[in-house]
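Subject: Structure handover

Hello,

Here is the structure you are taking over. Please open it alongside this message; my notes on what was found follow below.

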Amino acid sequence: MIHWRHRKRMQARPDPGAPEAQDGHPTVVETVNRIRAHVLEENGRRDIIRTGLDSASLGDLYHTLMTMSWFMFFWASIGLYLVINIAFALMYYVIPHSVSGVPNGDFLDDIFFSVQTISTVGYGTMAPVGRLTNTIVSFEVLAGMMLNALATGLVFARFSRPRARVLFSHVAVVSYDDVVPTLTIRIANQRRTLILSANIEMTLTRLMPDEHGRLVRRFDRLTLVQSHMPIFRISLNATHLIDTQSPLYGLIAETLIDQNAEIIITMDGTDEISSQTIFARHAYEIGHVKHGYRFSDMIQNRPDGRVEVDFRRFHTTEPGDLPMAPEQETSHDESRDGGHT
């Protein structure tokens, strides 16, 4: 059994034809050892530090508000709401006797008046006094209408954003049960509704030096046995044959680890209920690929005729056949042929 678990650092190998590294200039090997980020950068990850770019939080405010967590979105909304009300309350506070029913110099009541104004509630106990105060109130009402519309749209967009509840197995397995070894990843649909016209793509990505010695990211497509499913209901296996045409053919774990290799799998389809296109993706380091294993069965027929899907066994694997060594294959053929050549 071979289980790639630990990532090893790339060891420098002497190359007589390669130029010696200059002082202050890292070699390709050193660059590989510094790159630890995944190809698929998850939200919230800080593996990649981006320099030389202007902060786009305000210039791309809609995208920032859409991608932040609900916790951050809630507190950002509360903070903006308080800032706006405090700003208008300061205007009422500096104007003497600007609001009837509010004692002069009571800043807290000015805040309460601003809250009632921006929400257009108006209980009747406090009212603006004077043209200047009424002008400020007019702008605050307009700002409140715009903010309410934007907040409603953002909350609705966050709730209605299409999300694929697709589950990927924790590990990928390479099994040798058939003549050709296969790389398999298990995928499950966590919703009870169908995903229509599902398309799956698997890719091998590696960091490799080009002809000039510069480190580049290379993507090789791993052809699947079946990459398109008209209906995706419960679960399926994305299977790639490691034959002579496969980019994985002849590669060993140490080579892939040195190349910082990852296996990326993506899926897109159409949600049956909302008719929206949904996407899902996952990445596997080489340490998450198990050799000589297969996925355990998770679907079984019950005595009452119904089908039971046990998702507790979704990530479970079990030992399978291992590849025979060349001497084992020779002895097996000789025993089958009665020892005659």
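Predicted model: local features only at pLDDT ≥ 70, side-chain atom pairs only at ≥ 80, totals over all residues.

Helix 4 and helix 5

Helix 4 covers residues 107-118 and helix 5 covers residues 131-160. Their axes come within 8 Å and cross at roughly 60 degrees. Helix 4 and helix 5 are therefore oblique to each other. On the helix 4 side, the contact is made by Phe 113, Ser 114, Thr 117 and Ile 118. Helix 5 contributes Val 137, Glu 140, Val 141, Gly 144, Leu 147 and Asn 148. Sorted by class, this contact has five nonpolar, four polar and one charged residues.

Helix 3 and helix 5

The axes of helix 3 and helix 5 come within 11 Å, with a crossing angle of roughly 175 degrees. That angle makes helix 3 roughly antiparallel to helix 5. The residues of the contact divide into 14 nonpolar, two polar and two charged.

Aromatic pairs

How many aromatic pairs does the structure hold? There are seven. One of them joins Trp 70 and Phe 159; this pair is tilted, with 5.0 Å centre to centre and 45 degrees between the planes. Trp 70 lies in helix 3 (residues 70-94) and Phe 159 in helix 5, so the pair ties together parts that are 89 residues apart in sequence.

The cavity

A search of the whole structure turned up one cavity of 30 Å³ or more. The largest cavity has a volume of about 70 Å³. Residues lining the largest cavity include Tyr 92, Tyr 93, Ile 95, His 97, Pro 103 and Asp 110. By class, its lining has six nonpolar, four polar and two charged residues.

Regards

Note on methods. Residues numbered from 1 in each chain as written. Heavy atoms only, no water. 1 Å grid on protein atoms, 1.4 Å probe; cavity = no way out; pocket = protein on both sides within 12 Å on 5 of 7 lines; lining within 4 Å. Points joined across faces, edges and corners; volume = space filled by probe spheres on them. Nonpolar A, V, L, I, M, F, W, Y, C, P; charged D, E, K, R; others polar. Axes fitted to C-alpha atoms, helices over the stretch in contact; angles between N-to-C directions. Helix = DSSP H or I, 4+ residues; strand = E, 2+ residues; numbered from the N terminus. Parallel < 35°, antiparallel > 145°, perpendicular 65-115°, else oblique. Contact = heavy atoms within 4.5 Å. Phe/Tyr/Trp six-rings, centres within 6.5 Å; stacked < 30°, edge-to-face > 60°.
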